[in-house]
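Here is a short tour of one protein chain. Keep the structure open beside the text and find each element as it comes up.

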Amino acid sequence: MEEQLLERANVLVPPEALARQRDFQEKIRAMFAAREAHPLACVDTFGCQQNEADGQRLKGMLREMGFTLTAEPREADLVLLNTCAVREHAEQRVFGNLGIFTHTKKENPEQIIGLCGCMAQEERVSRRVRESYRHVDLVFGPHALWRFPELLWQAYETKKRVFSVEDQHGFIAEGLPVERDRGVRAWVSVMYGCNNFCSYCIVPYVRGRERSRDPEAVLAEVRELVEAGYKDITLLGQNVNSYGNDLERGYDFSDLLEEIDRIPGEYLIRFMSSHPKDATKKLFDTMARCRHVAKQLHLPFQSGNDRVLREMNRRYTRQQYLELVSYARSVMPGLVLTSDVIIGFPGETEAEAMDTVSLVEEIGFDALFTFIYSPRPGTRAAEMPDPVSRAEKQVWFDKLLAVQNARSASLHEAYVGKTLKVLVDGESGDPAFPLSSRTEGNRLVRLKGDNSLIGQFTQVRITGSNTWALYGEAADSAHPVL
């Protein structure tokens, strides 16, 4: 499968095709109404924020079909596992859950069990489900998400198993219903797919080629969210820096940020993920001058060694990454910088792993998402010789964690005694500090204060910290900062 741009005419789902899906929604609603039934659906989502956004669209369509949502699979008439293919552990959890559902199916033989998302798109997974998990009724990948009502109707109407996992480049379907979580945070997908083919990553094979939503559609969605009271909005894409390449309008992600920033209101815009090979000074300059864009950057570097980066097909060097960070910090002095790191890539030596640790020490990240390499069948890296034991990789990994945890603890300790502006986004579950909030840099702050602060920007006095969070109290709970 080669890196390529797609013809827009073949990417956008036409209005008549979407209208047909709404007809299937009505058929399913009418079917349950005729039975005087009140169906329940459970959607269990694994993985990244893009999966979360997909799950919200699945829930939106289910609502339109007459389902009430539940978090309990045992009581549901329909169970959907919306899956992730990035790590082996997530895959094992999914298959474990599918095994458990043999029991819920015995209790309720009419229950429909579905598998969707990235795992479902993998040919080896769909084959395994077809052969070994006969109680699974419906399997479809990300490309077929917009056709969910039709596929579910087929399962009900034919009482046969339905699979839709064709290898396709992918589509954009605008106007799908969305069931968003209540609160102050929301996701907005600005593009789908990936053209990068990092050697360890399965995503381009299951989510297809890069395709950007029209700016007008993104702007309309963000405007609607701001008007509805959402105050922390994250723009999503496998590589947001590639946004617009397929639009052929000379319009890029920086231009999109600039336009979103003009939408009136009090809110923050974040984005992820950003690929170093495509990150530009224009992007950082735009972030610096836009009032609503958070001065926070998630810029995955994965490895601090040039040979390993080449084997990963990342297409930048350690020095290039350092230069990007230096420029970003020069125009945004208070920038909060986070990243993704893989330790134990096939063929990596201890010295090369320590290059990664030294890069972490040199840059001083605010936080890291760290992983020991997990082979994904179907990727180039999965075929590479990998002579180092898991135990040895764990030693390297522990050294990385020790460096980063010390850095995070030190950074957080420096905040004690300061007053910060935060967005209070919910309850924490901690009786001593019952509210949860985030700084502009996305630092977690647990705080004392009244529930009336939820959904508001306010000033917080920091009274304590640990490696993972700050603790504080509302500086003036009667006068939130707006």
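Strand β18 (residues 457–465) and β19 run antiparallel, joined by five bridges. The model shown here is predicted. A hairpin of four residues leads from β18 to β19. Across this pair, Ile462 stands opposite Gly472 in β19.

β19 has another partner. Strand β17 (residues 444–448) pairs with β19 over four bridges, in the parallel sense. There, Lys448 has Glu473 of β19 as its bridge partner. Strands of a sheet pair through backbone hydrogen bonds, either parallel or antiparallel. How many of the five residues of strand β19 are buried? Four of them are, so β19 (residues 470–474) is largely enclosed by the rest of the structure.

**A six-stranded sheet**

Now move to an open sheet of six strands. Its order is β2-β1-β3-β4-β5-β6, and the pairing is parallel. β2 (68–69) and β6 (162–164) stand at the edges with a single partner strand each, so one side of each has no neighbour in the sheet. Look inside the sheet at β4 (residues 112–117) and β5 (residues 138–140). These two run parallel and are joined by three bridges. Leu115 stands opposite Val139 in β5.

Helices pack on this sheet. Helix α4 (residues 88–107) touches β1 (40–45), β3 (78–83) and β4. The direction of α4 makes about 165° with that of β4. Helix α7 (residues 148–158) also packs on the sheet, touching β3, β4, β5 and β6. Its direction makes about 155° with that of β5.

Is Thr104 buried or exposed? Its relative accessibility is 3%, so Thr104 counts as buried. Leaving aside neighbours within four places in sequence, Thr104 is in contact with Arg74, Gln111 and Ile113.

Leu283, Phe284, Thr286 and Met287 are its buried residues. Seen down the axis of α11, they fall within an arc of 160°, so they line one face of the helix. An α-helix has 3.6 residues a turn, so residues three or four places apart point the same way.

What do the buried residues of α11 pack against? They meet α10 (253–261), β11 (268–272), β12 (296–298) and α13 (318–331). The face of α11 turned away from its buried side carries Lys281 and Arg289, which are exposed.

**Salt bridges**

Side chains of opposite charge can pair when their charged atoms come close. A search of the whole structure finds 30 salt bridges. The table lists some examples.

| Arg124 | Glu91 | 2.7 Å |

Start with Arg124 and Glu91, whose side chains meet in a salt bridge. The pair links distant parts of the chain: Arg124 sits in helix α6 (residues 123–132) and Glu91 in helix α4, 33 residues apart. Arg124 is partly exposed, at 24% relative accessible area. Glu91 counts as buried, at 9% relative accessibility.

Lys282 is partly exposed, with a relative accessible area of 40%.

**Cysteines without disulfides**

A disulfide is a covalent bond between the sulfur atoms of two cysteines. How many disulfides does the structure hold? It holds zero. For Cys194, the nearest cysteine sulfur is that of Cys198, 6.4 Å away. Cys194 is buried, with a relative accessible area of 8%. Cys201 is in no disulfide either; its nearest cysteine sulfur, that of Cys198, is 6.1 Å away. At 17% relative accessibility, Cys201 counts as buried.

Conventions
Residues numbered from 1 in each chain as written. Predicted model: local features only at pLDDT ≥ 70, side-chain atom pairs only at ≥ 80, totals over all residues. Heavy atoms only, no water. Buried < 20%, exposed > 50% of the residue type's maximum accessible area, 1.4 Å probe, protein only. Arc of directions from axis to C-beta. Contact = heavy atoms within 4.5 Å. Pairing = 2+ DSSP bridges. Axes fitted to C-alpha atoms, helices over the stretch in contact; angles between N-to-C directions. Salt bridge = Lys/Arg side-chain N within 4 Å of Asp/Glu carboxyl O. Disulfide = S-S within 2.5 Å.
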